[in-house]
Amino acid sequence: MTSSRPYLVRAFNEWILDNDCTPYIVVDAGIQGVQVPTEHVANGQIVLNISPGAVRGLVIGNGALEFSARFGGVPMQVFIPLQAVMAVYAKENGEGMVFGSEPGSPDPDGTTRERDGDQSPSGQEDRPSGRPTLKVVK
């Protein structure tokens, strides 16, 4: 299946705006293809206000989020592959969603994640501890 992230980002953005709040996104600035003002990146991340009053031409496509905005009075075209969006939330109350890694997406170490429940070479399930899991119940 395709990534659910673009659909969720669009839905949360609309929901936040419908509730008269300000949508913010947290972006991993280290992901290849991210074009953001580097002077505002801290600890490899940048938080961006994507409300209609802050940006122009916001497009949340299935592969990337893009818009134009001014940073310190300087106009810039921002381009963010959706895999780099780490969270979307309302500034006023913190309501929103934090995204984890999706199966098939690259991990920071460059390897590809297996689907939950896939077996490791040792025959044991390869799941990070403390992470919720789903099981098929028949």
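The paragraphs below treat the aromatic pairs in turn and then a charged side chain beside a ring.

The model is predicted. Two aromatic pairs are found in the structure. In one of them, the ring centres of phenylalanine 12 and tryptophan 15 lie 5.7 Å apart and the ring planes meet at 85 degrees; since planes over 60 degrees apart count as edge-to-face, this pair is edge-to-face. Both residues belong to helix α1, which covers residues 5-18. Because phenylalanine 12 and tryptophan 15 are three residues apart in that helix, about one helical turn separates them. Phenylalanine 12 has a relative accessible area of 18% and is therefore buried, whereas tryptophan 15, at 40% relative accessibility, counts as partly exposed.

The other pair is formed by tyrosine 24 and tyrosine 89, whose ring centres are 5.9 Å apart. Their planes stand at 45 degrees, so the pair is tilted. This pair links distant parts of the chain: tyrosine 24 lies in strand β1 (residues 23-28) and tyrosine 89 in strand β6 (residues 85-90), with the two tyrosines 65 residues apart. Buried means under 20% relative accessible area; tyrosine 24, with a value of 18%, is therefore buried. Tyrosine 89 has a relative accessible area of 23% and is partly exposed.

A charged side chain also accompanies an aromatic ring. Arginine 10 is placed over the face of tyrosine 7, at 4.8 Å from the ring centre.

Technical notes
Residues are numbered from 1 along each chain as its sequence is written. This is a predicted model: local features need pLDDT of at least 70, side-chain atom pairs count only at pLDDT 80 or more; totals for chains, interfaces and linings use all residues. Side-chain values use heavy atoms; hydrogens and water are left out. Rings of Phe, Tyr and Trp (its six-membered ring) pair if their centres lie within 6.5 Å; planes under 30 degrees apart count as stacked, over 60 as edge-to-face and the rest as tilted. Helices (H or I, at least four residues) and strands (E, at least two) are DSSP runs, numbered from the N terminus. Buried means under 20% relative accessible area, exposed over 50%, partly exposed in between (1.4 Å probe, protein chains only). A charge sits over a ring if NZ of Lys or CZ of Arg is within 6 Å of the ring centre and within 35 degrees of the ring normal.
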